[in-house]
Amino acid sequence: MKTYLHLLVLLWFGITLNGYGQDQVLQEVQFSKSELLKHCQSLSSDGFQGRHTGTKGALKARKYIINQFHRQGLAPIKKDTYTQLFYFSERGVHYEGANVLGLIKGKTHPDHYVVISAHYDHLGVKDGQIYNGADDNASGLSALFSFAEYFKNNPPNNSVVLAAFDAEELGLRGSKYFVMNPIITFAKIKLNINLDMIGRSDKRELYVVGTRESEVLRQVVLSIKDTGKLHLKIGHDGGNWKDDWTLSSDHASFYKFHVPFLYFGVEDHADYHEPSDIYENIQPDFYYEAVKTVIKVFSKLDSSQF
Ligand SMILES: [Zn+2]
């Protein structure tokens, strides 16, 4: 299956590997750092009550994302709604979950899709304490808005679905539902880029998982220059690492159906799944660099097809 996957990716991107030596494609990636930070701060504020699936806080987050997608001119993926509702039970509790999905039509390959995803749910309130989930995952979610902003001046060649998934913390429920009920033709989804915890790293390390299955993806990642502000590291992919993240977040739902993926995230920190995962512990410069880096990777892949 690995060889098959690799071939698929190679065919789709239709490129030679030596094209990645230089940074020929990219100008400076442009989007507003202050907007990025503002969204992350808002979504991880107490008003959202930790965004636990099915709660008022989650509903508030859902509305926030819909408003933002609308404001940024994204098309709903279904005819008249950005929302994909789904229902499930977990430990005897019934939940209504809602993925929020926005679409940007590709210029040259509108029938090919890249799904850029981030979960918006978190742990909610436990024992009276709010789990704000700033890094996990207001950081990844807010980056979707930066992507939308970037696409205004840099429309993608391939169609892009910006996917804010619900119920990741309850077992990747939203992304599972999406791949089982994809709305768009599943076979046309060429890649998933998943963002989960990209807002801080004392070592300035952003990990990327998913390149082990694809030499093409690996070469693109390796071609990103180290600016010194952020170190993009390949790892946690089941190679030499004990700590394999292949199934750790929503990209796993795509991986299980053999869709190539790139997952971006940082190593767990002291505030991981703690009430102290708050906006004040986000590192703005690292976070901004992380989003720029992911956009660069996307842009290289998107423009390498022709
Ligand atoms: Zn997460």
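Helices (H or I, at least four residues) and strands (E, at least two) are DSSP runs, numbered from the N terminus. The model is predicted: local features need pLDDT of at least 70, side-chain atom pairs count only at pLDDT 80 or more, and totals for chains, interfaces and linings use all residues. Residue numbers start from 1 along each chain as its sequence is written, and side-chain values use heavy atoms, with hydrogens and water left out.

**View 1. Arg-204 in the loop between β8 and β9.** Phi of Arg-204 is near 55°, a positive value in a residue that is not glycine. Arg-204 has a relative accessible area of 43% and is therefore partly exposed (buried means under 20% relative accessible area, exposed over 50%, partly exposed in between; 1.4 Å probe, protein chains only).

**View 2. Ala-167 in the loop between β7 and α5 (173–180).** Ala-167 also is not a glycine, and its phi is positive, about 60°. Its relative accessibility is 0%, so Ala-167 counts as buried. Most residues other than glycine have a negative phi, and most peptide bonds are trans.

**View 3. Strand β7 (residues 158–165) and its pairing partners β3 and β4.** Two strands pair if DSSP finds at least two bridges between them. Strand β3 (residues 93–104) runs antiparallel to β7, joined to it by 5 bridges; Leu-101 has Ala-163 as its bridge partner in β7. Strand β4 (residues 109–119) pairs with β7 in the parallel sense over 8 bridges, and Val-160 of β7 is the bridge partner of Val-114. Strand β7 is mostly covered, with 8 of its 8 residues buried.

View 4. Asp-136 lies in helix α4 (residues 134–153) and Asp-196 in the loop between β8 (189–195) and β9 (205–209), so the pair ties together parts 60 residues apart in sequence. Asp-136 is buried at 2% relative accessibility, and Asp-196 is buried at 4%.

**View 5. Asn-137 and Gly-140 in helix α4.** The peptide bond from Asp-136 to Asn-137 is cis, with omega near 0°. Gly-140 is buried, with a relative accessible area of 0%. Beyond its neighbours within four places in sequence, Gly-140 is in contact (heavy atoms within 4.5 Å) with Ala-118, Leu-195 and Ile-198.

**View 6. Ser-253 in helix α7 (residues 251–255).** Ser-253 counts as buried at 4% relative accessibility.
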